[in-house]
Amino acid sequence: MTGPYGYPAQQPGPPGFGYPAPQARPSGATAIIAAVLGLVGALASGYLPIRYFIELPSGFSLSNLPGFALVELVLYLVAALFLLMGALTTFFRSLIGAILLILGSLLAILAVVLEPIAFRVPYRIHLDILLRFATFDGVLRLVMVVFGLLGLLLAVLPPTFRYLRWRPAPVQPYRPQDQFPQQGGW
């Protein structure tokens, strides 16, 4: 059906009949909470190796540490880096932020779980330190595990990815309904 001057007629009607349905902006609650948990996890994960580096005694170097201990410290630092980058990019609504949060959370949890092997401590003593809140480092490790699990859970939820993938529709130029573009004339 054509309107005046041969232009297609604009037919008002419900969405789906000639007009696209407006897209509702998805809630970003899960993404924002996952990013905040990622920031806390990055601080906790980055604090531990930095403290170990600062407290190295005089005349002692990193080469004196066992190989597993160095791997453990690198795991903490890489987890902190991934969590920090993931949290910041999630705040800027980038999809890679959720992926970095997932990887960082997994690395932080893996670092805590593998720590008794790296420092040759029985798991019984390691869990005792974690669950008794005996030391500040034990509390940080527990924070890393709990916030890592919560951040991982929130980062993999579909609403998080829906929020990070959503882009608003481009704004159409305003033109009153009965007005048509002017044709060039003499």
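A residue is termed buried when its relative accessible area is under 20%, exposed when over 50%, and partly exposed in between, with a 1.4 Å probe and protein chains only. The model is predicted, so local features need pLDDT of at least 70 and side-chain atom pairs count only at pLDDT 80 or more, whereas totals for chains, interfaces and linings use all residues. Residues are numbered from 1 along each chain as its sequence is written, and side-chain values use heavy atoms, with hydrogens and water left out.

**Figure 1. Overall fold of the predicted protein.** The protein has 6 helices and 0 strands, in the sequence order α-α-α-α-α-α; helices (H or I, at least four residues) and strands (E, at least two) are DSSP runs numbered from the N terminus. Of the 186 residues, 34% are buried.

Figure 2. Residues 95-119 are 96% helix and 0% strand, with end C-alpha atoms 36 Å apart. For residues 139-157 the figures are 95% helix and 0% strand, and the end C-alpha atoms lie 27 Å apart.

**Figure 3. The largest nonpolar core and Met144.** This core, a set of buried Ala, Val, Leu, Ile, Met, Phe, Trp, Tyr and Cys residues joined through side-chain atoms within 4.5 Å, holds 28 residues, and Tyr76, Leu101 and Met144 have the most contacts inside it. At least two core residues come from each of α1 (29-54), α2 (67-91), α3 (95-118), α5 (136-156) and α6 (158-165). Leaving aside residues up to four places away in sequence, Met144 touches Gly41, Ala44, Ser45, Leu48, Tyr76, Ala108 and Val112, a contact being heavy atoms within 4.5 Å.

**Figure 4. The largest cavity.** A search of the whole structure finds 1 cavity of 30 Å³ or more. On a 1 Å grid over the protein atoms alone, a cavity is a set of points where a 1.4 Å probe fits but cannot get out, and lining residues have an atom within 4 Å of a point. The largest cavity has a volume of about 50 Å³, and its lining includes Leu37, Leu83, Ser105, Met144 and Phe147. Helices α1, α3 and α5 each give two or more residues to this lining, with the largest share, 4 residues, coming from α5.

Terms used:
1 Å grid on protein atoms, 1.4 Å probe; cavity = no way out; pocket = protein on both sides within 12 Å on 5 of 7 lines; lining within 4 Å. Points joined across faces, edges and corners; volume = space filled by probe spheres on them.
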